[in-house]
Amino acid sequence: MNFRDEHDEREMKRFALSETPIDIAPLHDVLLDARAGACASFEGWVRDHNDGRAVRGLRYEAYVALAEAEGERIVDEALVKFEIVNARCVHRTGELAIGELAIWAGASAAHRDAAFAACRYIVDEVKSRVPIWKHERYADGAAGWLHPRPEQEKPA
Amino acid sequence: MARVTVLYFASLRDAAGVASEQVETEAADLHTLYESARTRYGFSLPVERLRVAVDGAFAKWGDPVRDGGEIAFIPPVSGG
């Protein structure tokens, strides 16, 4: 790695919002590291049902300034809590169709336990703390914002 | 009297009919400011289910309302 690459790494944000489809390849590339023997990643997809209702599509809205800051804080926490080499997370905003990638998180580490744990931590914390809201459109023509109570939250 | 900018998101924006507005308020703290907006727009969410942010950082409901601040009411999030 030359000096320019190290500089770019410091400048690069580890959490991002994206208005366009998430391109996984560059995220994977940035996690690739000679010190890493494991990489765990998670893809959250838009599914065609929620809470017993048929879903046609959805829209994500974010409070951008705070979402970027809180997402960055979460990835920083993961880098401190777990023995990982690197981590990244991207969350979509805007209109998404069934099957589209809504969130991608990945962590590279010397060993798989830390990679799995860090990836899980990032996704769980983003879902519970980052100011992003889901607006679902249903097959019956209705639509609405999801504002789950903590006890209603279910794993993706 | 403080003049602040208030941001509304998701169902709060739909209920308020605006994404942001300038408010002149006598409210001593952020909790009181939310209650006055809740009364004005009929928000169904009680303050216990929300978080609040000032100038892009999470804040506490007991924090004072400062002139010129940008205040965001954060309904329960549903990313991921």
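These exercises, with worked solutions, concern chains A and B of a predicted model.

**Exercise 1. The sheet in chain A**

Task: Find the strand order of the open four-stranded sheet in chain A, and state which strands form its edges.

Solution: 
- Start with the order. The sheet runs β1-β5-β7-β2 in chain A, and its pairing is mixed.
- Next, look for strands that pair on one side only. In chain A these are β1 (15–18) and β2 (38–45), the edge strands.
- Then take the angle between neighbours. Ignoring direction, neighbouring strands of this sheet are turned by 10° against each other on average.
- Now inspect one pair. β1(A) and β5 of chain A (residues 84–92) run in the parallel sense and share four bridges.
- Pick out a residue pair. Ser18(A) stands opposite Arg92(A), which belongs to β5(A).

**Exercise 2. The helix on the sheet**

Task: Determine which strands helix α4 of chain A touches, and how its direction relates to that of β7(A).

Solution: 
- Locate the helix. α4 of chain A spans residues 112–129 and packs on the sheet.
- List its partners. The helix touches β2, β5 and β7 (101–109) of chain A.
- Compare directions. The helix makes about 150° with β7(A).
- Turn to the largest nonpolar core, which has 55 residues. Touching the most other members are Ala78(A), Ile84(A), Ala107(A), Ala115(A), Ala118(A) and Ile122(A).
- Ask which element gives the largest share of this core. The answer is α4(A), with eight residues.
- Finish with Ala118(A). Neighbours within four places in sequence aside, its contacts are Ala78(A), Phe82(A), Ile84(A), Ala87(A), Ala107(A) and Ala109(A).

**Exercise 3. The build of chain B**

Solution: 
- Count the elements. Chain B has two helices and five strands.
- Read them along the sequence.
- Along the principal axes, the C-alpha atoms of chain B fill a box of roughly 35 × 25 × 20 Å.
- Check burial. Of the 80 residues of chain B, 30% count as buried.
- Check contact range. Among contacts in chain B with a separation of 6 or more, 51% join residues 24 or more positions apart.

**Exercise 4. Where the chains meet**

Task: Characterise the side of chain B that touches chain A.

Solution: 
- Count both sides. 14 residues of chain B are in contact with 24 residues of chain A.
- Name the elements giving two or more residues on the chain B side. They are α1 (10–16) and β5 (70–74) of chain B.
- Sort the residues on that side. Nine are nonpolar, five are polar and no residue is charged.

**Exercise 5. Two residues of chain B**

Task: Classify Phe43(B) and Asp14(B) as buried, partly exposed or exposed.

Solution: 
- Count its neighbours. Phe43(B) has 20 C-beta neighbours inside 10 Å, so it counts as buried.
- List its contacts. Leaving out residues up to four places away, Phe43(B) touches Leu12(B), Ala15(B), Ala37(B) and Arg38(B).
- Take one distance. Phe43(B) and Ala15(B) are 28 residues apart along the chain, with C-alpha atoms separated by 6.6 Å.
- Move to Asp14(B), in helix α1 of chain B. Asp14(B) has 13 C-beta neighbours inside 10 Å, so it counts as partly exposed.

Notes: Residues numbered from 1 in each chain as written. Chains lettered and ligands numbered in written order. Predicted model: local features only at pLDDT ≥ 70, side-chain atom pairs only at ≥ 80, totals over all residues. Pairing = 2+ DSSP bridges. Axes fitted to C-alpha atoms, helices over the stretch in contact; angles between N-to-C directions. Contact = placed C-beta atoms within 7 Å. Buried ≥ 20, exposed ≤ 12 C-beta atoms within 10 Å, placed from the backbone. Nonpolar A, V, L, I, M, F, W, Y, C, P; charged D, E, K, R; others polar. Core = buried A, V, L, I, M, F, W, Y, C linked by C-beta atoms within 7 Å.
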